[in-house]
Amino acid sequence: MEPVAFQPLTRVALCGGTHGNEMSGISIIREFQNKKVEKMGSVSVTPILSNPRAVDACRRYIDTDINRCFTKSLLSAPITESSPYELKRAHELNNLVGPKGSPEAVDLICDLHNTTANMGLTVIMNCGDVIALHICKYIQSKTTSGPLIIIQIPSSRESYSLESVGKHGLTIEVGPQPNGVIRADIYWAMKEAVDLTFEWLQKFNAGATFEGGEVEVYAHDSSMDYPRDPDTNEITAAVHPQLQDNDFKLLQAGDPIFKSFTGETVTYEGKPVYPFFVNECAYYEKKVAFTLAQKLSVSIPAVRVQAPGDSATVK
């Protein structure tokens, strides 16, 4: 099958501090800014601290989660003095690296995050982003930091996160790392993934063809809340020790998922799934104990950069 040809990918926004207490991405962006990195071969780089006030305060956010502010409706809503700080900042970022859905948007946004969950090196992307899948496939073949896991967000849901503003986007999520803390192993796993992303871009822009094939992904399915008291809405159980730290391990009916504060075990009822973001600190406020996924194999075509007089499909 003829490779799919894409326009050169020459404009990249590298973002960290979208959540102000996730320290690996913040440290990488500060390194880029301190060294005044604006160009890496054929690629112009814009390093951005996405939520500077939250970074200064070492908090996830000031008023609201900025990584839920990038829907088209929120980005087109009028801004007033009383608008949340993060919504104002989302509009600024959309003007800087977008506008979302426009030809002027950067070619790729790479957003750097940490999780308190034991997810290792993970990339989250929107379903159907062939370029992002090829970058992940390349990182998987080169990384020395353990396996890279790909999570796909269904196309049926409007993207609300920062990376969706670019023509292509990926979120690099590495853990476990406590909020406000930086671990060397987590930092270097993220840094290697960033370096390999730019390495792939250089090869792509130079004319390399990347072969297609099958890629294993975890397709976001649903989320599960903690058991709660019906009167007070307070949680009444913690994640079960047999589930804790076992992100991406198969979960089947009858497996323990919670242990109540009075000692009872709650078991899972449902189809076989793979949990992730297990006991993520930031998701308590979102009433999510863990998220569930289906494991799938997706087929991707070969890709290459568009050449003069190209007869291949161009995107």
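Trainee: Which residue in S9 is the bridge partner of Gln152?

Mentor: The partner of Gln152 in S9 is Ala219. Before going on, keep in mind that this is a predicted model, where local features need pLDDT of at least 70 and side-chain atom pairs count only at pLDDT 80 or more, while totals for chains, interfaces and linings use all residues. Residues are numbered from 1 along each chain as its sequence is written, and side-chain values use heavy atoms, with hydrogens and water left out.

Now the pairing itself. Strand S7 (residues 148–153) runs parallel to strand S9 (residues 213–224), and two bridges join them. Strands here are DSSP runs of E with at least two residues, helices are runs of H or I with at least four, and both are numbered from the N terminus. Two strands pair if DSSP finds at least two bridges between them. In a regular strand the side chains alternate between the two faces of the sheet.

Zoom out, and S7 and S9 sit in an open sheet of 10 strands with mixed pairing, in the order S3-S4-S2-S5-S8-S6-S7-S9-S14-S13. Its edge strands, S3 (39–40) and S13 (274–276), each pair on one side only.

What covers this part? Helix H5 (residues 130–142) lies across S5, S6, S7, S8, S9 and S14, running at about 165° to S7. Angles run from 0 to 180 degrees between N-to-C directions, and axes are lines fitted to C-alpha atoms, for helices over the stretch in contact. H5 also packs against helix H6 (residues 184–205), at about 120° and with the axes 9 Å apart. Their crossing is right-handed, which means that the near helix is turned clockwise from the far one by less than a right angle. On the H5 side, the contact (heavy atoms within 4.5 Å) includes His134, Ile135, Tyr138 and Ile139, and on the H6 side Glu192, Thr197, Trp200 and Lys203 are among the residues taking part. The residues of this contact divide into seven nonpolar, two polar and four charged.

Have a look at Thr197, in H6. Thr197 is buried at 2% relative accessibility; the cut-offs are under 20% relative accessible area for buried, over 50% for exposed, and partly exposed in between, using a 1.4 Å probe and protein chains only. Leaving aside neighbours within four places in sequence, Thr197 touches Leu108, Ile135 and Ile139.

H6 itself has 22 residues and reaches 32 Å from its first C-alpha to its last, close to the 32 Å expected, where the expected span is 1.5 Å times one less than the number of residues. Just after H6, Gly207 takes a positive phi of about 110°.

Then comes Phe210, in the loop between H6 and S9, which brings us back to the strand you asked about. Phe210 counts as buried because its relative accessible area is 13%. Its contacts beyond four places in sequence include His134, Tyr138, Trp200, Lys203 and Val303. Glu192 is another matter: the C-alpha atoms of Phe210 and Glu192 are separated by 20 Å, with the two residues 18 apart along the chain.

Key: Nonpolar A, V, L, I, M, F, W, Y, C, P; charged D, E, K, R; others polar.
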